[in-house]
Amino acid sequence: MTQPLIIRVRNALAKVANPKTGRNIVADGRVQGLTADDDGKVRFALEVVGGGATDADALLAAAKKAAAAIDGVSAVSAVATAHSAGATAAPPSGHDNPLGVRKKPQIEQAAETMAGVKHVIAIASGKGGVGKSTVAANLAVALAAAGYKTGLLDADIYGPSLPTLFGLKDKATVRDDKIIPVEAHGVRAMSIGMLVDPDQALAWRGPMVMGALKQLMSDVDWGALDVMLVDTPPGTGDAHLSLIQSKRLTGAVIVSTPQEMALADVRRGVALFRKTETPILGVIENMAWLEMPDGERRYVFGKGGAARVAKELDAPFLGAIPLYPDLREASDAGAPLAAGNHPAVKTFAQIAAKIIASIPDL
Ligand code: ADP
């Protein structure tokens, strides 16, 4: 009996030597999140630490080739999660370079390959669970409905939700060595969750997060886009630094609930973006109120907190999104409310219009 595909791929990868140690990449623990679908699509992350970018590229190519050669494998998508500790760990400012030799950070090079993308907007939140991913997905749908070529990159390494929110059943496909984003609800979408197993990504360290993000920017065939929304992990961490470092951000949009607890984190998030001269395009208040059957508004998490904090921080307030009891169901069913026939369509369209208005050449 033939062995399962995943085992055969693993065995093939175990024949690829890691020149640094002389052992194979599986024994060295370099292969992470290996998956193989029934239809032969194989995915894994290859941790490449030390050595130059050329060594890393060669190792990734060798690993991909080994996997692709296995009978039954239809496509291989592999992510190199860190090329060289030196390059990927460089701080955004490049101040680690006292001799003044300007090494180009990897993430910067990656961004250059998104040449067809006009504007990149980070969707950020101080903490998890405030509806950042839901808002990002629905805003992307609203921007597409307004006639803008829109992309959505789910870079929430620690909890990718785009596959669920958009009902994406397919895993990423690869053509000519480029990953093809999935087209859904008029949006070109790609999620880190479509490349690697999120359970594995949980344990990723800084350089790996940066490497994965780089790959989502450089190895995905985004084509021509007016705007790309990037759903970032909650808080302020490596993914944010990578994005800032890419020098591609037009600005950031912060999502918060009206709650005081959430707002303290908003202040921190705004401070990070401001420190790095990333414009804050505005603050969105999510879960602002619950409308009762008689039309009364119940302010479950407090009233107008995000609008107040926006004012206090001198950032534009982009609008409030009520609690839609059917939003969670719609999200779980992979049907964004903004793509349907629902009051949320207007809410998201209005917020999208404000974002569009704040970017002069969009
Ligand atoms: P985050 O990305 O901030 O962690 P999610 O987008 O995953 O948050 O949302 C958390 C939960 O809240 C999900 O179940 C989502 O469906 C629900 N949710 C988000 N916004 C709303 C809203 N305006 N009304 C009702 N449920 C919402």
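Visitor: How many helices and strands are there in the protein?

Guide: The protein has 13 helices and 14 strands. Both are DSSP runs numbered from the N terminus, a helix (H or I) having at least four residues and a strand (E) at least two. The model is predicted, so local features need pLDDT of at least 70 and side-chain atom pairs pLDDT 80 or more, while totals for chains, interfaces and linings use all residues. Residues are numbered from 1 along each chain as its sequence is written, and side-chain values use heavy atoms, with hydrogens and water left out.

Visitor: Why is Val 220 called buried?

Guide: The term buried means under 20% relative accessible area, whereas exposed means over 50% and partly exposed lies in between (1.4 Å probe, protein chains only). Val 220 has a relative accessible area of 3%, and is therefore buried. This residue lies in the loop between helix H8 (206-218) and strand S10 (225-231).

Visitor: What is Val 220 in contact with, leaving aside its neighbours within four places in sequence?

Guide: Contact requires heavy atoms within 4.5 Å. With those neighbours left aside, Val 220 touches Lys 178, Ile 179, Pro 181, Met 190 and Gln 215. Thr 173 is 47 residues from Val 220 in sequence, and their C-alpha atoms are 9.9 Å apart in space.

Visitor: What share of the residues in the protein is buried?

Guide: Of the 362 residues, 54% are buried. Of the contacts between residues at least 6 apart in sequence, 75% join residues at least 24 apart.

Visitor: What makes the buried residues of H11 line one face of the helix?

Guide: In helix H11 (residues 305-312), the buried residues are Gly 305, Ala 306, Val 309 and Ala 310. Viewed down the axis of H11, they fall within an arc of 135 degrees, so they line one face. The arc is taken from the directions that lead from the helix axis to the C-beta atoms. An α-helix has 3.6 residues a turn, so residues three or four places apart point the same way.

Visitor: What do the buried residues of H11 pack against, and which residues are exposed on the other side?

Guide: The buried residues pack against helix H10 (260-275), strand S12 (280-291) and strand S14 (317-323). On the other side of H11, Arg 308, Lys 311 and Glu 312 are exposed.

Visitor: Which residues have the most contacts inside the largest nonpolar core?

Guide: A nonpolar core is a set of buried Ala, Val, Leu, Ile, Met, Phe, Trp, Tyr and Cys residues joined through side-chain atoms within 4.5 Å. The largest such core has 85 residues, and Leu 139 and Phe 166 have the most contacts inside it. Helix H5 (residues 132-145) contributes the largest share of this core, nine residues. Apart from neighbours within four places in sequence, Leu 139 is in contact with Ile 123, Leu 229, Ile 284, Phe 348, Ile 351, Ala 352 and Ile 355. A second, separate core holds 24 residues, including Val 16, Val 31, Leu 46 and Leu 60.

Visitor: Why do strand S1 and strand S3 stand at the edges of their sheet?

Guide: Three strands make up this open sheet in the order S1-S2-S3, with mixed pairing. Strand S1 (31-36) and strand S3 (75-80) each have a single partner strand, so one side of each has no neighbour in the sheet. Strands count as paired if DSSP finds at least two bridges between them.

Visitor: What makes S2 mostly covered?

Guide: Six of the six residues of S2 are buried. Lys 41, Arg 43 and Ala 45 point one way, and Val 42, Phe 44 and Leu 46 point the other way. S3 is likewise mostly covered, with six of its six residues buried.
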